[in-house]
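Q: I'm new to this one and would like a short walk through it. Can we take it piece by piece?

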Amino acid sequence: MGHQETVAALLQRFGRTYADEAGITLRDTPSPLYRLLVLTTLSSVRISADLAVAAARELSAAGLRTPKAMAAAHWQTRVDALGRAHYVRYDESTATALGRGADLLLDRWHGDLRRLRDEAGGDPARIAGLLRVFPRIGPVGSGIFCREAQAVWPVLRPSFDDRALRAAADLGLPRTPAALAALAPPRDLARLAAALTRFSLGRVRPGELRAA
């Protein structure tokens, strides 16, 4: 199986972004970008991706789709939403982190992550660095956000974090972001990054993907 065939198989089997799974129709507008930040915060602890996605959906269903709504919500409201998703190991600390992060976003960037991007001058490394000022978000979390946000922020393309690059190597694909990006249209890079991540988490052997 050649590189193009491998990428096509990845996209077909695993090519759903985590934002899409969390019910986020990602656009370059404040609310969807904030909901992605929330998903990133939820994903930045040692917890399964499924639980993080479920928790993001519960917070959204509770109406906490903007930093203003998140900051105004009672701490227990956030805890209860996380509990409904069985996100219980980190529910209290995460509820606190979400409140602090919402306050920070409102105070520094007026609730709009596009202002963070503009402050960084559109530089991917600076964007990632600014994302790490949010509670709970470190290098892994900023990588998650950039991996997904490249769907609507072209300045982030190509974004493949270490996990995605290791998966690419396991599949015999190029090991650099630029070489990987050459194998898919720009609009599919977020899906490809998610597909590589899902492949690595799914414990699928390379031969099984090729057989599929």
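Q: Are Trp-109 and Phe-134 buried or exposed?
A: Trp-109 and Phe-134 are both buried. Buried means under 20% relative accessible area, exposed means over 50%, and partly exposed is in between, using a 1.4 Å probe and protein chains only.

Q: Before more of that, what kind of model is this?
A: This is a predicted model, in which local features need pLDDT of at least 70, side-chain atom pairs count only at pLDDT 80 or more, and totals for chains, interfaces and linings use all residues. Residues are numbered from 1 along each chain as its sequence is written, and side-chain values use heavy atoms, with hydrogens and water left out.

Q: OK. How many aromatic pairs does the structure hold?
A: The structure holds 3 aromatic pairs. One of them joins Trp-109 and Phe-134, which is tilted, with 5.8 Å centre to centre and 35° between the planes. Rings of Phe, Tyr and Trp (for Trp, its six-membered ring) pair if their centres lie within 6.5 Å; planes under 30 degrees apart count as stacked, over 60 as edge-to-face, and the rest as tilted.

Q: Why does the pair of Trp-109 and Phe-134 tie together parts that are apart in sequence?
A: Trp-109 lies in helix α7 (residues 91–109) and Phe-134 in the loop between α9 (124–131) and α10 (139–149), so the pair ties together parts that are 25 residues apart in sequence. Helices here are DSSP runs (H or I, at least four residues), numbered from the N terminus, and strands would be E runs of at least two.

Q: And how are the rings of Phe-145 and Trp-153 set?
A: That pair is edge-to-face, because the ring centres of Phe-145 and Trp-153 are 5.8 Å apart and their planes are at 65°. Phe-145 and Trp-153 are both buried.

Q: Where is Phe-145, and what is it in contact with?
A: Phe-145 belongs to helix α10. Its relative accessible area is 1%. Neighbours within four places in sequence aside, Phe-145 is in contact with Leu-33, Leu-36, Leu-37, Thr-40, Leu-113, Leu-131 and Trp-153. Contact means heavy atoms within 4.5 Å.

Q: Thr-40 is on that list. Which helix is Thr-40 found in?
A: Thr-40 is in helix α3 (residues 30–43). Its relative accessibility is 0%, so Thr-40 counts as buried. Not counting residues up to four places away in sequence, Thr-40 touches Ile-137, Gly-141, Ile-144 and Phe-145.

Q: How many of the residues of α3 are buried?
A: 11 of the 14 residues of α3 are buried, and the helix is mostly covered. Among them are Pro-32, Tyr-34, Arg-35 and Thr-41. From its first C-alpha to its last, α3 reaches 20 Å, close to the 20 Å expected. The expected span of a helix is 1.5 Å times one less than its number of residues.

Q: Back to α7. What covers its buried residues?
A: The cover includes α3, α4 (49–61), α5 (67–72), α6 (75–84), α8 (113–119) and α9. The buried residues of α7 include Asp-91, Leu-98, Gly-101 and Trp-109. α7 has 19 residues and reaches 26 Å, close to the 27 Å expected.

Q: What follows α7?
A: His-110 follows α7, and its phi is positive, near 55°. His-110 is found in the loop between α7 and α8. His-110 is exposed, with a relative accessible area of 57%.

Q: What about Arg-136?
A: Arg-136 has a positive phi of about 85° although it is not a glycine. Arg-136 lies in the loop between α9 and α10 and, at 27% relative accessibility, counts as partly exposed.

Q: New topic: which peptide bond is cis?
A: The bond from Arg-157 to Pro-158 is cis, with omega near -5°. Pro-158 is in the loop between α10 and α11.

Q: Last one. What lines the largest pocket?
A: The largest pocket is lined by 24 residues, and Ser-43, Val-140, Ile-144, Arg-147 and Arg-163 lie nearest its centre. α10 gives the most to the lining, with 6 residues. A pocket is an open set of points on a 1 Å grid over the protein atoms alone, where a 1.4 Å probe fits, with protein on both sides within 12 Å along at least five of seven lines; lining residues have an atom within 4 Å of a point.
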